[in-house]
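Hi,

Here is the structure I said I would pass on to you. Have a look at it first, and then read on for what turned up when I went through it.

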Amino acid sequence: MGDHKEQSLRVGAAVRRRRRALDLTLAVVAGRSGLSVPFLSQVENDRARPSRSSLEKVADALRTTAVELLAAADPACSVDVVRAEITEAAEAAEAAGVGPEPRVRTLVRGHHQLHASEFTGDHDAGREFQHRNDELMYVADGAVEIEAEGRAYRLARGDTMYLTGGVRHRWRATVPDTRVVVVAVAEHIEAVQDRTR
């Protein structure tokens with residue numbers, strides 16, 4: 001994996017998310033780790049980069065590992081282009097007038113706070129989903145029928161549906177060559193409503 005100092009990551013947000021998920025104060029984490037509250041505050045706000053040793057102390061205090069914290073870290077500044085992949089089989093099917101095979105394509109690579117996928121064609125309509133975090137479905141082409149919380153919804157090209165975390169749902173394409181883009185808050189993020197407000 002290499003030295004984490006060479007990676008362009010902001011580990012502070014991952015530390016803060018983990019601490020809040022455990023409902024711990026900075027003082028408690030400082031006591032458990034042997035590090036100071038001001039230093040931990042600087043780490044969480046990405047004003048200080050912890051050494052490997054300090055990161056391991058923080059991870060131990062948060063009942064996780066340095067590797068897990070780094071995996072959940074945010075990229076500092078990144079731009080990533082995901083190109084559309086058109087296979088020879090898809091081109092041949094299109095030329096023959098046959099719709100493409102159902103497929104899913106990830107639109108965001110890596111381990112980020114956002115997850116996005118494009119579904120083309122149909123998929124297992126019997127499969128029920130229930131995600132921990134919020135999700136947005138956008139119909140780029142075609143039409144779908146979505147069953148959510150016991151109600152059926154029909155969406156056509158350009159329509160969107162927003163589902164809050166925990167909503168059980170399933171969907172199916174109702175016309176050939178349907179393309180649906182699904183964007184969700186990643187499962188490793190604790191994106192729950194702040195009840196202290």
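Let me start with the open sheet of four strands, whose order is E5-E10-E7-E8 with antiparallel pairing.

Going through the pairings, E5 and E10 are joined by two bridges in the antiparallel sense, and here Phe129 sits opposite His169 in E10. Five bridges hold E7 to E10, again antiparallel, with Val144 opposite Ala173 in E10. Between strand E7 (residues 143–148) and E8 there are six bridges, and these two strands also run antiparallel. In that pairing Ala143 faces Ala156 in E8.

Next, the charged pairs. Side chains of opposite charge can pair when their charged atoms come close. Over the whole structure, the search gives 10 salt bridges. One of them is between Arg19 and Glu44, with the closest N and O atoms 2.6 Å apart. This pair connects distant parts of the chain, as Arg19 belongs to helix H1 (residues 12–21) and Glu44 to helix H3 (residues 37–44), 25 residues apart. Are the two partners buried or exposed? Arg19 has a relative accessible area of 11% and is therefore buried, given the cut-off of under 20%. Glu44 is buried as well, with a relative accessible area of 4%.

Asp141 takes part in two salt bridges that I would like to point out. With Arg157 the N to O distance is 3.5 Å. That pair also links distant parts of the chain: Asp141 is in strand E6 (residues 135–141), and Arg157 is in the loop between strand E8 (151–156) and strand E9 (160–163), 16 residues apart. Asp141 is partly exposed, with a relative accessible area of 24%, whereas Arg157 counts as exposed at 62% relative accessibility. With Arg179, the closest N and O atoms are 3.0 Å apart. Because Arg179 lies in strand E11 (residues 179–185) and Asp141 in strand E6, this pair ties together parts that are 38 residues apart in sequence. Arg179 counts as partly exposed, at 29% relative accessibility. A network of salt bridges links Glu118, Asp141, Arg157 and Arg179.

On the helical side, I looked at helix H4 (residues 52–61). Its buried residues are Ser54, Leu55, Val58, Ala59 and Ala61. Viewed down the axis of H4, these buried residues fall within an arc of 160°, so they line one face of the helix. An α-helix has 3.6 residues a turn, so residues three or four places apart point the same way. The cover over the buried residues of H4 includes H1, H2, H3 and helix H5 (66–71). Just after H4, Arg63 has a positive phi of about 55°.

For the chain as a whole, there are six helices and 11 strands. Of the 197 residues, 32% are buried. Among contacts with a separation of 6 or more, 66% come from residues 24 or more positions apart. The accessible surface is about 12200 Å², and carbon and sulfur atoms account for 49% of that.

Finally, a word on confidence. The chain has an average pLDDT of 80, and 73% of the residues score at least 70. Among the elements, helix H2 (residues 26–33) has the highest mean pLDDT (96) and helix H6 (residues 88–95) the lowest (57). Over residues 1–8 the pLDDT stays under 50, and the model has 15 contacts beyond four places in sequence for them. Where pLDDT is low, the predicted coordinates should not be read in detail.

Best wishes

Terms used:
Residues are numbered from 1 along each chain as its sequence is written. Side-chain values use heavy atoms; hydrogens and water are left out. Buried means under 20% relative accessible area, exposed over 50%, partly exposed in between (1.4 Å probe, protein chains only). Contact means heavy atoms within 4.5 Å. Accessible areas come from the Shrake-Rupley method with a 1.4 Å probe; for residues, only the protein chains shown count as cover. A salt bridge is a side-chain nitrogen of Lys or Arg within 4 Å of a carboxyl oxygen of Asp or Glu. Two strands pair if DSSP finds at least two bridges between them. pLDDT is the predictor's confidence in each residue, from 0 to 100. The arc is that of the directions from the helix axis to the C-beta atoms.
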